[in-house]
Every structure is written in structure tokens, then in C-alpha cells.
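Please view the sequence and the structure together.

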Amino acid sequence: MGQLFMVGVDGSDGCRRAVDFAADQAARAGADLLLVHVIEWSRYEFLSPSEVAERHRQRERELEDAQTRLLDPLRDHLKAAGAEPRTVIRFGHGAEELCSAAAENNACQVFIGRRGRSRVTSLLFGGVAGALVQIAPVPVTVVP
């Protein structure tokens with residue numbers, strides 16, 4: 001089994017730069033690529049039965065939307081360059097789910113784009129990239 005490079009994707013400009021950088025690094029290393037998108041979703045909400053049913057429908061819509069609007073175009077972009085990336089969509093906290101996906105898929109490197117928030121916003125609210133660097137089980141490359 002070869003190396004696997006994983007890229008956290010969110011549709012931002014930074015994500016696109018991270019995908020291109022990771023694809024270049026994967027081609028040089030002969031590694032496979034895995035694109036992972038996390039839909040932020042709290043598992044700690046209490047819902048009525050009707051809210052649960054609506055939540056299920058909403059999740060289905062979000063899955064389809066993420067696949068067709070985000071992952072399929074990125075996969076097509078990489079295929080045009082000769083790569084054959086796999087894609088995964090997960091629900092939950094961004095950094096935590098990216099760490100879990102890296103561990104479950106035996107990724108040896110994670111790439112993520114920086115969104116370019118202001119320093120104050122980043123200090124107040126944090127970000128997925130900052131949290132990922134703190135808790136990831138493998139090296140993380142943050143692409144500016």
C-alpha cells in the first residue's frame with residue numbers, strides 16, 4: 001500500500017491552492033490523493049421527532065450539494081491533470097473529522113488551505129487549520 005496524502009476541502013480559494021499543491025506533491029511522491037469535505041454539524045442537539053426527520057432530509061441535501069458543487073469539480077480538475085483522487089464527505093467538527101479521516105485512511109500527510117481571516121478574527125474564533133495543526137496525528141501543511 002502506497003502513501004496517501006489527504007486534503008481538507010471547503011470551496012475557498014485557499015482550498016483550491018491546497019488541492020493543487022497537494023496534487024503536485026503527491027505526483028512527485030507517487031502518493032494517492034484523498035479529498036475530504038466536512039459539513040459542520042453538532043451531534044449534541046436535542047430534537048423533536050419532526051426535527052429529526054427534517055434534519056435527515058437536510059443532511060441528504062447537504063451531501064448531494066457538497067458532492068456536486070465542490071468535490072466533483074475538484075476531482076474533475078485533478079483528473080484532467082492525471083490524478084485519480086478519492087473523495088469523502090463527513091459530518092461534524094472540521095478539525096476533529098479531518099483527524100479521524102486521516103487516521104482511518106492511514107494518511108501520511110494532511111494539506112489544508114488558509115482562508116485568510118484577519119488576525120483578530122483568527123484569535124477570537126480560531127479556525128480549522130489552526131486546530132488541525134494542534135491535534136492532527138500526522139504532519140499538516142497549511143497552504144497560504
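The sections below proceed from the whole chain to its sheet, and then to a single residue.

## Overall composition

The model is predicted. The protein chain comprises 5 helices and 5 strands, and from the N terminus on these elements follow the order β-α-β-α-β-α-β-α-α-β.

Of the 144 residues in the protein chain, 35% are buried. The chain exposes about 8,600 Å², of which carbon and sulfur atoms supply 51%. Among contacts between residues at least 6 apart in sequence, 75% join residues at least 24 apart.

## The sheet

The 5 strands form an open sheet with parallel pairing, in the order β3-β2-β1-β4-β5. Its edge strands are β3 (86–92) and β5 (140–143), each of which pairs on one side only. On average, neighbouring strands of this sheet are turned by 25° against each other, direction ignored.

Strand β4 (residues 109–113) runs parallel to β5 and is joined to it by 4 bridges. In β5, V143 is the bridge partner of G113.

Helix α3 (residues 94–104) lies across β1 (4–8), β2, β3 and β4. The helix α3 runs at about 135° to β3.

Residue H37 is located in strand β2 (residues 32–40). With a relative accessible area of 12%, H37 is buried, because this value is under 20%.

A polar atom of the H37 side chain lies 2.8 Å from the backbone oxygen of V9. Not counting residues up to four places away in sequence, H37 touches V9, D10, A66, L70, L71, V88, I89 and R90.

How values were computed. Residues are numbered from 1 along each chain as its sequence is written. This is a predicted model: local features need pLDDT of at least 70, side-chain atom pairs count only at pLDDT 80 or more; totals for chains, interfaces and linings use all residues. Side-chain values use heavy atoms; hydrogens and water are left out. Helices (H or I, at least four residues) and strands (E, at least two) are DSSP runs, numbered from the N terminus. Buried means under 20% relative accessible area, exposed over 50%, partly exposed in between (1.4 Å probe, protein chains only). A polar contact is a pair of N or O atoms within 3.5 Å; within protein, one must be able to donate a hydrogen and the other to accept it, and residues adjacent in sequence count only if both atoms are side-chain atoms. Contact means heavy atoms within 4.5 Å. Accessible areas come from the Shrake-Rupley method with a 1.4 Å probe; for residues, only the protein chains shown count as cover. Two strands pair if DSSP finds at least two bridges between them. Axes are lines fitted to C-alpha atoms, for helices over the stretch in contact, and angles run from 0 to 180 degrees between N-to-C directions.
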